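This report describes the arrangement of strands and helices in a structure, and then the surroundings of its ligand.

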Amino acid sequence: MFARIAPKYDLLNRVLSARRDVAWRKKALSLWRDTPGDVLDLACGTYDLGLEAIALNKAKRVHGCDFCQPMLVAGNAKRTGRAVSAAVGDALHLPYADGSFDGAMVAYGWRNFGDPAASARELKRVLRPGGQLLILEFFRPEKVWPKVFYGTFGRFVFPTVGGVLAGDTAAYTYLNDSIKRFLTIADADRTLREAGFSNTRWVSFFGGISHGVAADV
Ligand SMILES: C[S@@+](CC[C@H](N)C(=O)[O-])C[C@H]1O[C@@H](n2cnc3c(N)ncnc32)[C@H](O)[C@@H]1O
């Protein structure tokens, strides 16, 4: 599915969020207290979060990893001349030794990993003591406004725009369905703590449509 939408992925992000996704990445990165040296950008897609981290001096070197090679290829031109590398790898079996990174981040990938607890443990495994985690995600809505948003805009506009601009109604139907099936923010907080993270700090975007969470090892 991600391979199918890769060529139009950036365009759809900008249109469906009215460019708010750019601001959300910036704001989430402000949750990091300093500038980690080696940072894993898991499910990096077309590298938007890693590139923003470099631009904002929130990472010295970014190691992008995604299980979908066409997504990596679609973004390759954007990382030319930047300290952002790329590797193919699965979130549940990361191709890195224990304690490889000072920071790890995931933007809109966690929901897709199949086993949120196991992937949180993998992220903890590859971080060094003192390392930081950052996750941006669409969590299962519990409050009225996000429920209304996903029940209307998410249900009808996502698939329609996805069909028109990417020729893929199914992928953007999956987007809304996967949000409804995912963890709530309370579940997510508990999952991160059970995986060994501490000091979780949250930020909410657009009245709870999306969230960012940072945590420490
Ligand atoms: C919605 S995109 C997010 C891309 C990018 N982080 C961003 O913010 O634009 C989700 C990404 O997760 C990747 N992905 C999904 N499951 C994965 C897994 N098990 N291991 C690694 N990457 C995965 C997909 O290939 C896709 O690039």
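The sections below take up the sheet, the helices and the ligand in turn.

## Basis of the description

The model is predicted, so that local features need pLDDT of at least 70 and side-chain atom pairs count only at pLDDT 80 or more, whereas totals for chains, interfaces and linings use all residues. Residues are numbered from 1 along each chain as its sequence is written, and side-chain values use heavy atoms, with hydrogens and water left out.

## The sheet

An open sheet of mixed pairing is formed by seven strands in the order 3-2-1-4-5-7-6; strands (E, at least two residues) and helices (H or I, at least four residues) are DSSP runs numbered from the N terminus, and two strands pair if DSSP finds at least two bridges between them. Because strand 3 (84–88) and strand 6 (198–205) stand at the edges with a single partner strand each, one side of each is left without a neighbour in the sheet. From one strand to the next the twist averages 20°, where angles run from 0 to 180 degrees between N-to-C directions and axes are lines fitted to C-alpha atoms, for helices over the stretch in contact.

Strand 6 and strand 7 form a hairpin with four residues between them, and in the turn F206 has a positive phi of about 50°.

## Helix packing

Helix 6 (residues 116–126) lies across strand 1, strand 4 and strand 5, and runs at about 140° to strand 5.

Helix 2 (residues 9–16) packs against helix 7 (residues 144–166) at an angle of about 140°, their axes being 11 Å apart. The contact (heavy atoms within 4.5 Å) involves L11, L12, V15 and L16 of helix 2, together with F153, V157, F158, V161, G162, L165 and A166 of helix 7. Of the residues in this contact, ten are nonpolar, one is polar and none is charged.

## The ligand

The ligand is surrounded by 18 residues, the closest being Y9, R25, A43, D66 and A107; a residue is counted if one of its heavy atoms lies within 4 Å.

Polar contacts are pairs of N or O atoms within 3.5 Å. A polar side-chain atom of D66 lies 2.6 Å from an oxygen atom of the ligand. On the backbone side, a polar atom of F67 is 3.2 Å from a nitrogen atom of the ligand, and an N or O atom of the A91 backbone lies 2.9 Å from a ligand nitrogen atom.

Conventions:
Ala, Val, Leu, Ile, Met, Phe, Trp, Tyr, Cys and Pro count as nonpolar, Asp, Glu, Lys and Arg as charged, and the others, Gly among them, as polar. A polar contact is a pair of N or O atoms within 3.5 Å; within protein, one must be able to donate a hydrogen and the other to accept it, and residues adjacent in sequence count only if both atoms are side-chain atoms.
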